[in-house]
Amino acid sequence: MKVAVKGDTSSFAKEIEQACGQDVLTCYQCRKCTMGCPMAFKMELKVSEMMRAIQLGLREEVLSADTMWWCVSCETCATRCPQGIEIVEVMDVLREKAFKEGYKIPLKTIEAFHKVFLDSVKSYGRLYEMGFAMDLNLKLRDPLKDADLGPVMLSKGKLKLLPDKVKDLKSVKKLFENVKKLEESRA
Amino acid sequence: MKYAYYPGCSLESSAKEYDLSIRACCHFTGVELVEIPDWICCGASSAHATSHLLSIALPAKALVQTEAMGLHQVIAPCVACLTRLKVASMEMADDDALKKDVETVLEGSYQGKVKVRNVLDVFLNDVGVEKIQEAVVSPLKGLKVACYYGCLLTRPPHIAQFDDVENPHSMDDLMRAVGAEAVDWSFKTDCCGVSMSLAETDAALDLTNRVLEGAKDAGADCVAVACPLCQSNLDLRQKAIGNKYGVFYDLPILYFSQLMGLAFGATSRDVGLEKVIVDPFPVLGAI
């Protein structure tokens, strides 16, 4: 990829550092992160390239990239980084910013996964596994996906038909509301 | 030895046998578990992908509840929960402003006195190998086990603070203590791809296949795990892997605690052996 940059390009890296304390500017492109990444074969922009793009201040390109959506948070990159950069924390900041700023998420599947997961936690206080799998497949317009696994899991007593609700659902709702309120007051 | 117990969502349904077998092992080794009343989900990967504050507040609730129970240590057997609880406790210890925000969200205070414990660590270091060996009544002689640690038991090292990050051996030590043979293999800490397993199944299968292939090549009779997500992925996807790659591994994926429990004299029902998808009875019947 060829890009032209002008002037001080460090503002995006500084924005990330402010959010999570990780200084991407110390990356010297050894590429250990990309070499050890189990999902690199899927990423258009590899992890080391993403780090370089951040250094170059390419905010738009990074926030619309597929890198953080393929990332499985396995922590191999962060463990091996010679500069001690907690790369998964950087991924989290990018995911959060992309979500909140309304960027188009290149992997609809992963976006739906997070949404359906948190909806379950909000509704029941816990993850309702069977409902989660079914809602996710509906959202992805593939209702019969993994349909063969359902009966197997049910027969093994591995799925509950009904959600396990916590008793104090009120405080769960309050928790979500309070997070939203606090975040909005600082936006 | 008394600990607060945070089972987490999986242990209530898809990983019920992990819950059963942990409780059985604790019973045989004198570990007392007190389940946190009305615990809530830790938010797992979806909270930390969407809101940092939410990703700390959800697991922090369990820490606050542990303190309210008058206990100082909490065991979270699910490695995803374990990591989220650890991250919450460490980040709040390092960052006063974050701790205050979390207290505002939870509408309660946190003293910061709770230690989050990994269940392997409790068996190995609080109970100890000697006591575990003493509790064995039917040693797992001749059983070849590939101990699989996955991503988060050892990573990232500053959070996990447990075992060797690239070549861990704690589960191997426990398996040897109950008479099994722990095989040497190269995929102990490779990711099995589970977080992609529901949403991007095809991409995940490549990773899952590599782990299963590694265990089979090392001559393992079964794989031992300590994470409900690894277990369900490695167990449930063997048929899909067979269809994609033409190799049917037929490799039972068991919780280390199911194997330990059996060695302590628990019945197969006590440790939920019948809940495992790839039938483990043929390989266990031989011992």
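I looked up the buried area between domain 1 and domain 2 of chain A in this predicted model, and the pair buries about 310 Å², 67% of it on carbon and sulfur atoms. Buried area here is the accessible area (1.4 Å probe) that two parts lose on being put together, summed over both. On the domain 1 side, A:W69, A:F99 and A:K100 lose the most area to domain 2, together 89% of what that side buries.

Note on the bounds: domain 1 of chain A runs 11–100 and domain 2 runs 108–186, from an automatic or database domain assignment. I get 28 Å between their C-alpha centres. Four residues from each of the two domains make the contact (heavy atoms within 4.5 Å).

Next, I checked for charges across the interface. The rule finds one salt bridge there (a side-chain nitrogen of Lys or Arg within 4 Å of a carboxyl oxygen of Asp or Glu). The side chains of A:K100 and A:E183 meet in a salt bridge at 3.3 Å, N to O.

Then I asked which element gives the most to the domain 1 side: helix α7 of chain A (residues 87–100), with three residues. Helices are DSSP runs (H or I, at least four residues), numbered from the N terminus.

For my own bookkeeping: residues are numbered from 1 along each chain as its sequence is written, and chains are lettered from A and ligands numbered from 1 in the order in which they are written. Local features need pLDDT of at least 70, side-chain atom pairs count only at pLDDT 80 or more, totals for chains, interfaces and linings use all residues, and side-chain values use heavy atoms, with hydrogens and water left out.

Note on methods
Helix = DSSP H or I, 4+ residues; strand = E, 2+ residues; numbered from the N terminus.
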